[in-house]
Amino acid sequence: MRHKINKTVVDELKTDFMHNRKYALAKDHYSANACDNYKSLAISIRDNLIAKWILTQQRYHHENCKRVYYLSLEFLIGKLLADNILNLGIEDECKKAMEEIGLDICELYDQEPDAGLGNGGLGRLAACFLDSMATLGIPATGYGIRYDYGIFKQKIVNGYQVEYPDSWLMFGNMWEFGRPEYMVTVRFHGRTEKFTGADGVEKTRWVGTDAVRAIAYDVPVPGYKNDVVNNLRLWSAESTEEFDLAYFNGGDYVKACEDKIFSENISRVLYPSDNLYQGKELRLKQEYFFTAASMHDIIRRFKVHNNDFKAFPEKVAIQLNDTHPAISIAELMRILVDEENIDWDTAWEITRKTFAYTNHTIMPEALESWPVSLLGKLLPRHLEIIYDINARFLKEVEKKYPGDMSKLGRMSLIEEGYEKKVRMAYLSIIGSHSVNGVSALHSELLVKNVFKDFAEMFPGLFNSKTNGITPRRWLKKANPLLSSLITERIGDGWVKDLSELKKLETLKNDDNFIHRWCTVKHHNKIRLAAYVKNEMGITIDPTSMFDVQVKRIHEYKRQSLFALYLIALYLDIKNNPSKDFVPRTAVIAGKAAPGYFMAKQTIKFINSIAGVVNSDHSIKNKLKVVFIPDYKVSVAEMIFPASDLSEQISTAGREASGTGNMKFMLNGALTIGTLDGANVEMAEEVGDDNIFIFGLKADEAIDLQHRGYSPREYVQNNETLVEIVELIRSNFFSQEEKGIFNSLLYSLLNNDEYLVFADFGSYYETQCRVSETYKDMNTWVKKSIMNTARSGKFSSDRTIGEYAKKIWNV
C-alpha cells in the first residue's frame, strides 16, 4: 500500500527550496550549510501551511463558533519540521525532492533544535492535545510563554548532572510569526482604591502599577491531512521602557537598562528555581503574565462578534492545564467587575461556566499555593478578589454544613499558618464547572482523598479523562518501520482512529508477520545503539533486552528501585557465572530539577553503578547500564521504538497518569509496573498475560504507611537487600568519593517515603519472570504485538473527543 509520489508536488518543493535559499537566506549551494538547507525546507513547508492557516482562522471568525483556549505554562513541542510534513501528507515528496537536490532529509531534520518549552509530561501532553484538537477540527488556540531558554541542557560530568542554558532560539524559530499588533500591557504591583461610579455604586480600581509588554508569537498547528491549522500563541515579555535616559547620560549604563532587564526576565527561562524568594516571585509573575495577556486576547476576540458577556461561556471554553494558569479566574473576575461593570454574581456565574480545570497531581505537597504576602505585593487587586470569592464560598459551606468549623478550615482558599497561603487548586475547583483527573485511579483518589470535601459539596463536578498520546508523532513519525509494516497489513486508518490497531490481533500467530515485527525492533535497537556509541562512547548489544526507564527524575518515580534491581542482577551474575542469564541493557534517561538534591543524587548513583558494571569484564556483557544525557523529545523518539521492557514503577497512588507508559505500549514494549496511574487501564486493555504487574496497590500502600512502615525490617528480611545496603555503605560504588551516597541510603533506611524497600521483593521476583518470558522470543513477540494492538484507548484523539463532548460542548 505504497503512497504514490506526486511529481508536481516534488517539483514545487524543489523550486520553493531553491527560491527560499537564495532570496530568504541569501545563500547558494556553495555558501549554504546544513542549517541553511534546513531553514530553506522549513520555509517551504511553512508556506504550505499558511494558506490553510488563514482559511481556518477566517472560517472560525465567519462562523462565530465556540472556541477552546488551552492555557498551559508548558508546551513541549520538540522539533516540528518532520511533524508538519507528516500532517500535510507529503513525506515521500519531501524526501524525493531533497534527494533530487542532493540532500539527505534526515540530516536536515537533525539541524532543527528541540523547542524545549516544557519540563516533562505536562508539556508533552499539551503538545499532543494541540495535535489532536487540530486533527479533530476543534476550533482551538493554545496559550503559553515563549521562553528564551527552554528546559536546560543536561550534561553528565563525573556522573553528576550539570545544567547548561538551552539557547533554542539562537538561530531563530522558523515556525513562529511575531504579532506585535496584538501586544498586551500586563500590570504588576501598585495598590487598589475605592471610588463611586457614575451609577452611585462603590467600585475598585487598580492604580500605581508597573507594566510589562506581552508580545504575541504565533505557531501554526496543523491537523492530519484535513486542511485545518490551529494556533499556538506564545507570549514574550518586553519592557515598556527601553532605558532610562537620565541614568544613561550620567554614565550608569547598567542602571539605565535595569528596568528593561528585570521586565524581560519574565519570559527568559522556563521555571526558575523557587528555592529563593526571588524565584517564587518570578514564577508567579510568569503565571500572571501569560494568563493576563491570554485573557485580554480572548476577550478582544470575543468582542469582535459579540457584545453581551452573558454569551461568553457559549463562545469561550478555557481549560486550565494544572494550577499554573489558575490566577486567570481572578483576572476574568477583575475584568468583568472592574472594567465591564458587571455585578459580582453575574460575573461569577460567567466565570464558572467558562473555566474547566485539569488536575495533574495527588501529592498534597505538589499542589500549588502562593504566600498571601507575595500575591498581595504583586497583584493586590487579585488578592482582594480571591478573599471576596473565599468569603462568599465559605458562607455556602457554612450554610450546607452548619457549625463544622473543621470543614471550613479545610475548604478555605486561604491556608492558615505561620505564613498564610492561597491554595490555587481550591480556586481552580470552585471557579470551574468541571474538574478532571487524568486516569481512572487518579480521579478516584481525588474524589476519595485529596478533594473529598469538594467532591461531597459539588456532586457531578469531578470527572475522569484518561490522558492519551498522538499516534502521528509517537508511532507514524517516531517508528516509520513499524508504522509501514502495520499499514501494509491493516491499512492506514489507525493514524486517525487508533482503535483500528485491534486488527493486529489476528496476526499474532502469523509466522511471517512475527519475523518482520522482530526485524523492525532489531533495526530500531541498532539505531539507538549507534546513538549511544556516538554520544557516549559505550557499546551496547542490540540483541540484548533493552530494559528502559525514561522520565523526569523524582523520588516517587523510583529510579532508585530500578537502580537497586540492577545491583541485585549484577550480584546474581557475579555469584552465578554459569547460570543462563538473559543479557540486558538498562537504559535510563531524564532530568532532575536543578534544586532537587535527592534526584540529582539518584543520577550520580545510577552513573556510579554503570561505572562499576560496565568496567567489569568478568560478567561478559550480560549487563550494561547507560544513562543517556539530555533527554528530550527527539531522543525519546529513538528510545521508545527500540525498547523491549518499559519500567513504570512509581509508588502506587502517586503517579496521576503518565504518558510515557503509553508511548512504550504503542511501540510494542512490554510493561513492568505497579497498579498506578494509567498502568491500571493499560492492564485492563492488554490483559494480565501481556503485562508484568507487581507491588502494593494504592490502598495497600496507604494502609502500610498508616500502620507504621519500617523500611529496615524489609531490608533485614531480604538477604539481597542486606548485601546491597552493605555495598553502598562500604562505598563499593563510590570508592573515589567516599560517603557521597550516605544521604540517599539514610533516606531509604529511615524514611523511604515511596516504599522502595517494601516493593523490592515483589519487583525482583517479577523481573525474574520477565527474563524467563524473554527467553521464549516467539512468545515475547506475540505479547509485544498484543500491546500495540490494544493501545487504541490511549490516543489523545479519544481524550480530546471526550473533553470536547463532555466538558467544552464543542
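Visitor: Hi! Where is W53 found?
Guide: Hello! This is a predicted model, and in it W53 is found in helix α2.

Visitor: Is W53 buried or exposed?
Guide: W53 counts as buried, because its relative accessibility is 6% and buried means under 20%.

Visitor: And what is W53 in contact with, leaving aside its neighbours within four places in sequence?
Guide: Among its contacts are F177 and R179. A further group includes D218, V219 and P220, and V229, N230 and N231 are on the list too.

Visitor: How many Å apart are W53 and N524 in space?
Guide: From C-alpha to C-alpha, they are 35 Å apart. In sequence, 471 residues separate W53 and N524.

Visitor: S44, then: buried or exposed?
Guide: Buried, because S44 has a relative accessibility of 0%.

Visitor: What does S44 touch, not counting residues up to four places away in sequence?
Guide: S44 touches L13, D16, F17 and N20.

Visitor: How many Å lie between S44 and D776?
Guide: Their C-alpha atoms are 49 Å apart, with a sequence separation of 732 residues.

Visitor: Let me zoom out. How many helices and strands does the protein have?
Guide: There are 34 helices and 24 strands. The radius of gyration is 27 Å, close to the 28 Å that the globule rule gives for 810 residues, so the protein is as compact as a globular protein of that length.

Visitor: What does the C-alpha trace span along its principal axes?
Guide: About 90 × 70 × 65 Å.

Visitor: How much of the protein is made up of buried residues?
Guide: Buried residues are 60% of the 810. As for the accessible surface, the total is about 32400 Å², and carbon and sulfur atoms account for 50% of that.

Visitor: What share of the contacts with a separation of 6 or more is between residues 24 or more positions apart?
Guide: That share is 76%.

Visitor: What about charges? How many are positive and how many negative?
Guide: The protein has 101 positive and 108 negative charges.

Visitor: New topic: loops. Where is G739 found?
Guide: G739 is in the loop between α30 (719-729) and α31 (742-750). G739 counts as partly exposed, because its relative accessibility is 25%.

Visitor: What is G739 in contact with, leaving aside neighbours within four places in sequence?
Guide: G739 is in contact with N731 and S734. From G739 to R729, the C-alpha distance is 7.6 Å, and the two are 10 residues apart in sequence.

Visitor: You mentioned N731. What is its phi?
Guide: N731 is not a glycine, although its phi is positive, about 65°. N731 is found in the loop between α30 and α31, and it counts as buried, because its relative accessibility is 13%.

Visitor: And N809, what is its phi near?
Guide: Near 55°, a positive value in a residue other than glycine. N809 is in the segment after α34 (796-808). N809 counts as exposed, because its relative accessibility is 61% and exposed means over 50%.

Visitor: One last stop: where does S412 lie?
Guide: S412 lies in the loop between α16 (405-411) and β15 (414-415). S412 counts as buried, because its relative accessibility is 7%.

Visitor: What is S412 in contact with, leaving aside its neighbours within four places in sequence?
Guide: S412 is in contact with N390, L394, R423 and Y426. S412 and Y387 are 25 residues apart in sequence, and in space their C-alpha atoms are 9.8 Å apart.

Visitor: Thanks, that helps!
Guide: You're welcome!

Conventions. Residues are numbered from 1 along each chain as its sequence is written. This is a predicted model: local features need pLDDT of at least 70, side-chain atom pairs count only at pLDDT 80 or more; totals for chains, interfaces and linings use all residues. Side-chain values use heavy atoms; hydrogens and water are left out. Helices (H or I, at least four residues) and strands (E, at least two) are DSSP runs, numbered from the N terminus. The radius of gyration is taken over C-alpha atoms; the globule rule is 2.2 Å times the number of residues to the power 0.38. Buried means under 20% relative accessible area, exposed over 50%, partly exposed in between (1.4 Å probe, protein chains only). Contact means heavy atoms within 4.5 Å. Accessible areas come from the Shrake-Rupley method with a 1.4 Å probe; for residues, only the protein chains shown count as cover. Lys and Arg count as positive and Asp and Glu as negative; His and the chain ends are not counted. The place of a charge is taken as NZ of Lys, CZ of Arg, CG of Asp or CD of Glu.
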